[in-house]
Amino acid sequence: MSIREAQAELQDEFSMFDNWMDRYQYIIDMGRQLPEYPEGDKIVAYKIEGCQSNVWLRSTQEAGRLHFRATSDAAIVSGLIAILMRLYDDREPQEILDGEPEFLTELGLDKHLSPTRSNGLHAMIERIYAIAREARAEQKLH
């Protein structure tokens, strides 16, 4: 499934809810399903600055694909992380870089998140894109 297809799937899921309270609850529920994040990985190197809550994002690369793990101490942010994982986990760096984060507008997140949550979401996306740029550069060297 491509990033675009994953975004469309998310949009379909969100369209099932009539109001934003239900959508927020769905986002929170998604966050509860994130894989366990190792306590030992809650270090400064993986912490994302620009988020109101604490957010840690770790990446690994295997067979040319990027794998992400992340967590937050805030329920709604954990849900936003779950959305990002559905879109960007297990992708090739170039695929990430080619995929515009259209889901922000399509899901209405750009209008319904508080400014601090929106800033945090953008900081997470930027970190993912920075990791993808670095991985792509490394691939070109080899």
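Start by selecting Ser118, Gly120, Leu121, Ala123, Met124, Ile125, Ile128, Tyr129, Ile131, Ala132 and Ala135: these are the buried residues of helix 7 in this predicted model. Now show the whole of helix 7, residues 115–141. Its 27 residues reach 39 Å from the first C-alpha to the last, close to the 39 Å expected at 1.5 Å a residue.

What do the buried residues of helix 7 pack against? Bring up strand 1 (55–62), strand 2, helix 3, helix 4, helix 5 and helix 6 (109–112), and you have their partners.

Next, move to helix 1, residues 3–15. Here 13 residues reach 18 Å between the first and last C-alpha, close to the 18 Å expected. Colour Ile3, Ala6, Gln7, Leu10, Glu13 and Phe14, which are buried. Look down the axis of helix 1: the buried residues fall within an arc of 120 degrees, so they line one face of the helix. Turn to the other side to find Arg4, Asp12 and Ser15 exposed. The buried residues of helix 1 pack against helix 2 (20–32), helix 3 (75–88), helix 4 (93–98) and helix 5 (103–106).

Last stop: the largest pocket, with a volume of about 160 Å³. Select its lining: Tyr26, Asp29, Met30, Gln33, Leu34, Pro35, Phe68, Arg69, Ala70, Ala82, Met85 and Arg86. Helix 2, strand 2 (65–72) and helix 3 each give two or more residues to this lining. Colour the lining by class and you will see eight nonpolar, one polar and three charged residues.

Note on methods. Residues are numbered from 1 along each chain as its sequence is written. This is a predicted model: local features need pLDDT of at least 70, side-chain atom pairs count only at pLDDT 80 or more; totals for chains, interfaces and linings use all residues. Side-chain values use heavy atoms; hydrogens and water are left out. Helices (H or I, at least four residues) and strands (E, at least two) are DSSP runs, numbered from the N terminus. The expected span of a helix is 1.5 Å times one less than its number of residues. Buried means under 20% relative accessible area, exposed over 50%, partly exposed in between (1.4 Å probe, protein chains only). The arc is that of the directions from the helix axis to the C-beta atoms. Contact means heavy atoms within 4.5 Å. On a 1 Å grid over the protein atoms alone, a cavity is a set of points where a 1.4 Å probe fits but cannot get out, and a pocket is an open set with protein on both sides within 12 Å along at least five of seven lines; lining residues have an atom within 4 Å of a point. Grid points are joined across faces, edges and corners, and a volume is the space filled by probe spheres set on the points. Ala, Val, Leu, Ile, Met, Phe, Trp, Tyr, Cys and Pro count as nonpolar, Asp, Glu, Lys and Arg as charged, and the others, Gly among them, as polar.
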